[in-house]
Structure formats: structure tokens, C-alpha cells
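Okay, thanks for making time, everyone. I'd like to walk you through one protein model today, so let's get it up on the screen.

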Amino acid sequence: HLIQPSIVYRYLLSSILLSVVFGTVSCSLFKPSALHDATIQHPSEEKILFLVFRMTGDTLLHNTRLELLQTTITDGAFKQNKLEQPPSPNYLIIEVAANNKNSFKTFAEHPLVRRVEYDAGNELKSKIIHLSEGDFFVRLPIKGNNNKVKITEILESGRRTVLFNNPILSK
């Protein structure tokens with residue numbers, strides 16, 4: 001049996017036409033917006049800083065230590081809404097200074113002080129527990145190359161301690 005050439009040409013023409021139409025539609029559906037293009041064209045203007053920390057607390061000396069475990073900087077615009085007020089009586093203040101001017105400030109829950117809820121018979125109760133160690137991360141906006149991050153611990157007792165105050169160099 002021989003296949004007629006007109007059927008083969010029709011099949012090939014249909015396949016090519018469908019490929020062109022599908023390619024055009026799919027490319028136009030996923031085309032980035034003008035704002036996204038601007039971000040790609042100027043990647044060094046806005047960056048997002050991810051910092052991973054380990055916090056340890058010494059209950060005998062009432063001393064808290066903060067160890068930086070990992071730093072990652074990526075291109076992109078920061079979209080998270082920052083907290084305008086402390087989430088609880090024990091919290092962290094996280095500040096970013098660019099070129100020695102404060103550019104960003106937010107609050108975070110204290111990683112070593114947690115409120116837990118439990119069932120006490122027919123009643124739901126809550127209790128504050130103090131952990132000896134905990135890991136946490138923060139996501140911060142940075143601009144340019146001269147940025148400094150400061151993390152201050154605020155405790156219900158009124159004690160204020162600067163735990164971290166270091167420059168972060170963008171690449």
C-alpha cells in the first residue's frame with residue numbers, strides 16, 4: 001500500500017500550522033508585564049535578603065545569643081507587608097539601614113517565647129513557654145551595596161538588647 005502524497009502534505013501542513021498557532025498563543029500568555037521587564041533589566045536596584053539565625057537563651061545568665069547561619073541575596077521586589085506594631089510583649093525589632101539611613105523597620109515574634117494553648121477539661125487555656133534554642137529566618141528589602149541589619153530583642157521586663165548589628169554586602 002502506498003500513501004497518497006496529498007494526504008501526507010495535508011498532514012504536515014496541519015501539524016506545522018497547529019505548532020505555529022500554539023507557539024504564538026503560549027508565548028503571548030506567558031509574556032511578562034512591563035513592571036516585570038523593568039525588574040529584569042535593572043536587577044541590582046532591588047534585592048531581597050534572606051537571613052537564617054539560631055537564637056539560644058541562657059536562663060541562668062539571662063543572656064540571649066544570635067548566630068547567623070545563612071545569608072542569601074536574590075534579585076526582586078519586596079512585597080511583604082511589614083508589621084507596624086509589636087506582635088506580643090516579647091519581640092524583635094528588625095531594622096535595615098542603607099547608606100547609614102534607616103530604610104526599613106519591622107517587628108517579629110520572639111523565637112524563644114511561645115504562647116501555647118491547651119485543653120484543661122472543658123476550658124481552653126494558654127501558657128507562655130520559654131525555649132532554650134530556636135531557628136528562624138527573616139526576609140528583608142535591600143537596595144544598593146551598603147546595607148546594615150540590626151536586630152534588637154525587647155522583653156516584657158523592659159530589657160532591650162542589640163543582638164545583631166552587622167553590615168550585609170550585596171554581590
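This is a predicted model: local features need pLDDT of at least 70, side-chain atom pairs count only at pLDDT 80 or more; totals for chains, interfaces and linings use all residues.

Let me start with a question: which side chain meets Arg54 in a salt bridge? It's Glu133, with an N to O distance of 3.8 Å.

A search of the whole structure turns up five salt bridges. Among them is Glu109 with Arg114, where the closest N and O atoms are 3.3 Å apart. Arg114 is partly exposed, with a relative accessible area of 33%. Another one joins the side chains of Glu153 and Arg159, at 3.1 Å from N to O. Here Glu153 is buried, at 1% relative accessible area, whereas Arg159 is partly exposed, at 28%. There's also a network: bridges with shared partners link Arg54, Glu133 and Asp135. As a general point, side chains of opposite charge can pair when their charged atoms come close.

Now let's zoom out. The chain has two helices and nine strands. The chain has 171 residues, and 26% of them count as buried. It exposes about 12600 Å², with carbon and sulfur atoms supplying 56% of that. And if you take contacts between residues at least 6 apart in sequence, 54% of them join residues at least 24 apart.

What about the inside? The largest nonpolar core has 22 residues. Those with the most contacts inside this core are Leu51, Phe53, Leu66, Leu140, Val149 and Ile151. Strands β1, β3, β4, β7, β8 and β9 each supply at least two residues of the core, and β1 gives the most, with five. In general, nonpolar side chains in soluble globular proteins tend to be buried together.

Take Leu51 from that list. Leaving aside neighbours within four places in sequence, Leu51 is in contact with a whole set of residues, including Leu68, Phe136, Phe137, Val138, Leu140, Val149 and Ile168.

Let's move to Thr152, which lies in strand β8, residues 146–154. Thr152 is buried, with a relative accessible area of 4%. What does Thr152 touch, if we don't count residues up to four places away in sequence? On the list are Tyr91, Leu92, Ile93 and Glu95, and then Arg160, Thr161 and Val162.

Last stop: the hairpin of β5 and β6. These strands, residues 113–120 and 123–130, run antiparallel and are joined by eight bridges. One example is Asp119, whose bridge partner in β6 is Leu124. The hairpin has two residues between the strands, and Gly121 takes a positive phi near 75°.

That's my tour, so over to you for questions.

Note on methods: Residues are numbered from 1 along each chain as its sequence is written. Side-chain values use heavy atoms; hydrogens and water are left out. Helices (H or I, at least four residues) and strands (E, at least two) are DSSP runs, numbered from the N terminus. Buried means under 20% relative accessible area, exposed over 50%, partly exposed in between (1.4 Å probe, protein chains only). Contact means heavy atoms within 4.5 Å. Accessible areas come from the Shrake-Rupley method with a 1.4 Å probe; for residues, only the protein chains shown count as cover. A nonpolar core is a set of buried Ala, Val, Leu, Ile, Met, Phe, Trp, Tyr and Cys residues joined through side-chain atoms within 4.5 Å. A salt bridge is a side-chain nitrogen of Lys or Arg within 4 Å of a carboxyl oxygen of Asp or Glu. Two strands pair if DSSP finds at least two bridges between them.
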